[in-house]
Amino acid sequence: MDYDLTEEQRMFQQMVREFADNEVAPVTDELDEKGEFPYELQAKMAEMGLFGLPIPEEYGGSGAGLVTYALAVEEISRASASLGITMAAHTSLGCLPIFFFGSEEQKQEWLVPMATGEKLGAFGLTEPEAGSDAGATKTAAELKNGQWVINGTKCFITNSGTDITSVITITAVTGKIGGKKEISNIVVPAGTPGFTVSPPYRKMGWHSSDTHELSFSDCRVPESNLLGGRGDGFKQFLKVLDCGRIGVAALSVGMAQACLDESVKYAKSRVQFGQPIGRNQGISFKCADMLVEVELSRNATIKAAWLADQKRDYSREASIAKLFASEAAMRAASSAVQIHGGYGYVEDYPVCRIFRDSKILEIGEGTSEVQRIVLSRGLGL
Amino acid sequence: MNIVVCVKQVPDTSDPDTEVHIDGTGKGVDQGKFSFVINDADNFAVEEAILLKEKHGGEVTVVNIGPEAANQVIRMALAKGGDSAVRLDDEKFAYSDPVATARLLASALKDVEYDLVMTGCLATDDGYGAVGIALAQLLGVPHAAYAKTVEVVDDKKLKVGRELEGGLLEMNEIELPCVLAIQTGGNEPRYASFKGIREASKKEIKVMDLAATGLSEDQVGEAGSVAVMTQYSVPEVGELAEILEGDPAETAGKLAGILKEKGLV
Ligand SMILES: Cc1cc2nc3c(=O)[nH]c(=O)nc-3n(C[C@H](O)[C@H](O)[C@H](O)COP(=O)(O)OP(=O)(O)OC[C@H]3O[C@@H](n4cnc5c(N)ncnc54)[C@H](O)[C@@H]3O)c2cc1C
């Protein structure tokens, strides 16, 4: 049993932390206010290898494990949740489907430029009428003359409309087997005729992360854009989501840590009734609870990532980590605003943004309810 | 062009929670609660060395005097593009003044082929600002201190910009080999990539103890120093100083009041 990080992991964690403190934190509020996608920061992060950490070097990535990836997502998210999800969604939802299921040719064409961070990738699963019930997908792809003809709508797709988005992998119904829908994953390059990206959503938080509704109207891509086997779509996205959950869990840890840091700082300096508010147990106990939840969230996240690195089954642990860490982050954000009083409700203090940025953690990549469904099914219930 | 860059590990003074306490000997500070980082100016020296290597080829050797824990700053310099490293480590090296320190660094260079040696211009912990110059003296080569810009003229000469008061840049030509004590702010130190960090773990850090330096005991540490530090002390709080209490909003308000009252604004 060994709880220590390796020297390599510690060094990279330190480097990402320095980057987050020096380069990201000073511009987070401005980016958030303007709702701008941070191209410059993205490029700098790409140089550090942050946009393809778990992808092997031969495909443009860094060949790091998921523990390293989780540590990096945490550090970036501590400074900016928007940047954290940009990196995490690109890695797990953008790169991994092609890495896991793509042919050598598909990897060379699409994965390499994404894993270097030169391009961004996205995954389109959610539809207006198929959210938690992802199997209810309506988007259809019909094979005609060697081309998939795609019709349908996807919603809430992260990284799908930036200037450097290269491909979106979508789930689509490609036929019926024995009365059941046959779902497959198909890669749609940005700019394909018939594929329209709607203007960005006006979101509660994650303002500098890029999210769009996508519509497909007789959009044609070559037959060879099918990812893996026809009809394997469902199986494939479940595997992708497992890793995605580690990303959201790590994101949650970073945000909860930021809440804790800000709260402790504020509790020490804000004086009311002649003493720092942190002298009151009503405040200090909130900080203690936050500390406990940050630590437990981090442990659960790193454990799931470690299992994945050991090539062991980690689906249940990823779900546990995502569920606990996301809810802990929301609780931490709520406490942090409470500790800041009225100042927590205005944008002059970071906890205000973190509060807005937190809620989605309990929704994206499987809502809390969906995690509980998955976990209780595992218990045979 | 082969470059040697000297790096020192220092306590992280950017952390506002860093508290400095004098230890029992009176000649050191309690290091238990410090986190350590590369000295600020040395970070710029490393970047300058790597930029020069990227432009003109050659190898960068990183030299450090420090315990095994200093490997972290050495490895980071290697991760950014350094090729190999030497770490001088012996308890006899403790309490070396800038001259003894320079002597140790010079001893590490006896088997290294170099055209240029770089140090930071000042260490943030002891603040001597003398090691680079002493090193040049011992190596018998020219030096420039507070160097901010470095340009290669040809394989025998550099053009070095030294930053003076008011941002004035003084341009000098200096013959190679030489020592440059690098000022902060002349470049933008990079962040190591994951791949760089992975590569760094495969690069060699040669460790030299006193015997390996070929120096004698009286040339290093306190015995080999021209200046001997006797004691640290905390300045006493003077009567004339008024310490303002309260949170930043309060203290700023009080300060503004005082400045106005004294007619200073
Ligand atoms: C900012 C943002 C980014 C996103 N990025 C992506 C992306 O990149 N790719 C992508 O494919 N999707 C993305 N999503 C979509 C996200 O994954 C979905 O919003 C999420 O899965 C929930 O689906 P839904 O919104 O349709 O909610 P619904 O499924 O309609 O759920 C509504 C509520 O009902 C609950 N519920 C549903 N079924 C049950 C049940 N059986 N038992 C108990 N409760 C239930 C849910 O938990 C939830 O509380 C993103 C969403 C947002 C907001």
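Modeller: I begin with a term: a salt bridge is a side-chain nitrogen of Lys or Arg within 4 Å of a carboxyl oxygen of Asp or Glu. A:Arg17, A:Asp21, A:Glu75 and A:Arg78 are linked in a network of such bridges.

Biologist: What kind of model is this, and how are residues and chains labelled?

Modeller: This is a predicted model, in which local features need pLDDT of at least 70 and side-chain atom pairs count only at pLDDT 80 or more, while totals for chains, interfaces and linings use all residues. Residues are numbered from 1 along each chain as its sequence is written, chains are lettered from A and ligands numbered from 1 in the order in which they are written, and side-chain values use heavy atoms, with hydrogens and water left out.

Biologist: How many salt bridges does the structure hold over all chains?

Modeller: Over all chains there are 32 salt bridges. One of them joins the side chains of A:Glu8 and B:Arg198, at 2.9 Å from N to O. This pair crosses between chains, from helix α1 (residues 7-34) of chain A to helix α5 (residues 194-200) of chain B. Helices (H or I, at least four residues) and strands (E, at least two) are DSSP runs, numbered from the N terminus.

Biologist: Is A:Glu8 buried or exposed?

Modeller: A:Glu8 counts as buried because its relative accessibility is 18%. Buried means under 20% relative accessible area, exposed over 50%, and partly exposed in between (1.4 Å probe, protein chains only). B:Arg198, at 24%, counts as partly exposed.

Biologist: Which residue forms a salt bridge with A:Asp232?

Modeller: The partner of A:Asp232 is A:Lys235, and their closest N and O atoms are 3.7 Å apart. A:Asp232 is partly exposed at 25%, whereas A:Lys235 is exposed at 60%.

Biologist: What does β5(A) pair with?

Modeller: Two strands pair if DSSP finds at least two bridges between them. Strand β4 (residues 165-177) of chain A pairs with β5(A) in the antiparallel sense over 10 bridges, and A:Val167 has A:Pro189 as its bridge partner. Strand β8 (residues 226-227) of chain A also runs antiparallel to β5(A), joined by 2 bridges; here A:Ile186 is partnered by A:Leu226.

Biologist: What lies between β4(A) and β5(A)?

Modeller: The hairpin of these strands has 2 residues between them, and A:Gly178 takes a positive phi near 55 degrees.
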